[in-house]
Amino acid sequence: MRYAQGGGLTDAKRAARERIRLEAVGRFESGAKTREIAAALRVSERSVERWRRQWRERGEEGVRSKGSPGRPRLSADQIAKLERELERGPLAHGWTDQRWTLARVKTLIGRLFHVGYTVEGTWRLLKRHGWSWQQPARRAIERDDGAVELWKKEVAAGKSTAAARGAWIVCEDEASQSLRPPRARSWGRIGQTPVVRVRGRGSGRISMAGMVCFRRGDRSRLIYSFRVHRGRKGEPKGFTWQDYRDLIVRAHNQLKSPIVLIWDNLRTHLMPQMKDFIAANEDWLTVFHFPSYAPDLNPQEGIWSLVKRAIGNLAAANLDQLAAAVKRSLKKTQYRPHLIDGCLIGTGLTLTS
């Protein structure tokens, strides 16, 4: 099936063609020959003959371009349907990966409405309706969006409890970093990719646990702890349940108020000893768990992103130098509550129920 073409000319090209037509009209009026006009304007003699015939029949208005006769105009309902199908994602339409390219959107328009767009016309259509080329955020296929919405309703009760008791809402998370730093963008000569030389040998890493603390009317807080693992025999590789217990107690002592703690379903968080500790301190400690595969709901993830950005391309000589850089980044964030608030805003959550 042949589709009507649409969106093939830019505004600049369309204006240039209109100027050529009007210049041809002036030469018609001066009595110039068809061959001379075609050579001067660099167009075919057949086009000049067609314009001359239109000029004789309807004058200058007959020569003016009427635009592309086959240029489709998708209705508002069709645009809304197209956007709904785009939001379903490429997987729903038979592609194996999850990238919407202009060629794929062009194909989808043809399937849905039997209308053909050029790639440039597809780009203009998307831009006109608020779509842009973006870097997508990754999200686990196993994530249950229904469970996430249910969790938001359940945690609203925790927010009400925190407001009634004057408690802090505390979100906890863990992260780690080895001597191989995160890659960060850097200026370089065109055609020559910048090279960052890092340590390839050696073992060990830094384990970090952090808590972002929020309460209406108070400055946001960041409380953290980290451990350097050097790969020695018998050395603990990460945090134990006692370490998490001590971090919670330290947060309670610093905040001097009850705590509504929200953290993930890490196995250490669910150990019987940790459950006994929570039950024994229920007068000041209330615990909720984030839904599975939903790290975007945890504002502490934003703090780790800031830390990773600060140590991007760091060529640390040893773990001590890396630990100093990580600690310096966390210390800076502690004195910048607006950054902590920005991490909460990035999750889409609020302090009110």
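Two strands pair if DSSP finds at least two bridges between them. The model considered here is predicted. In this model, strand β4 (residues 259-263) and strand β5 (residues 285-289) run parallel and are joined by five bridges. Within this pairing, I262 stands opposite F288 in β5. Strand β4 also pairs with strand β1 (residues 168-177), again in the parallel sense, over four bridges. Here V260 in β4 is the bridge partner of I169.

How many residues of strand β4 are buried? Five of its five residues are buried, and the strand is accordingly described as mostly covered. In a regular strand the side chains alternate between the two faces of the sheet. In β4, I259, L261 and W263 lie on one side, V260 and I262 lie on the other, and all of these residues are buried. Both faces of β4 are therefore covered, since buried means under 20% relative accessible area.

Attention may now turn to the largest pocket, which has a volume of about 1400 Å³. Of the 29 residues that line this pocket, Q98, Q134, Q135, P136 and A137 are the closest to its centre. Helices also contribute to the lining: α5, α6 (102-113) and α7 (119-128) each supply at least two residues. By class, the lining of the largest pocket comprises 14 nonpolar, seven polar and eight charged residues.

Side chains of opposite charge can pair when their charged atoms come close. E85 and R88 form a salt bridge in which the closest N and O atoms are 2.9 Å apart. With a relative accessibility of 14%, E85 counts as buried.

The structure holds nine salt bridges in total. Among them is the contact between the side chains of D218 and R215, at 2.9 Å from N to O. D218 is partly exposed, with a relative accessible area of 34%, and R215 is likewise partly exposed, at 22%. Another of the salt bridges links R245 with D246, where the closest N and O atoms are 3.2 Å apart. In this pair R245 is partly exposed, with a relative accessible area of 26%, and D246 counts as partly exposed at 41%.

The cysteines remain to be considered. How many disulfides does a search of the whole structure find? The search finds zero. A disulfide requires a pair of cysteine sulfur atoms within 2.5 Å. The closest cysteine sulfur to that of C171 belongs to C213 and is 8.6 Å away, so the distance is too far for a bond. C343 is in no disulfide either, its nearest cysteine sulfur being that of C171, 11 Å away. Is C171 buried or exposed? C171 is buried, with a relative accessible area of 5%. C343 is also buried, at a relative accessible area of 10%.

Conventions:
Residues numbered from 1 in each chain as written. Predicted model: local features only at pLDDT ≥ 70, side-chain atom pairs only at ≥ 80, totals over all residues. Heavy atoms only, no water. Buried < 20%, exposed > 50% of the residue type's maximum accessible area, 1.4 Å probe, protein only. Salt bridge = Lys/Arg side-chain N within 4 Å of Asp/Glu carboxyl O. 1 Å grid on protein atoms, 1.4 Å probe; cavity = no way out; pocket = protein on both sides within 12 Å on 5 of 7 lines; lining within 4 Å. Points joined across faces, edges and corners; volume = space filled by probe spheres on them. Nonpolar A, V, L, I, M, F, W, Y, C, P; charged D, E, K, R; others polar.
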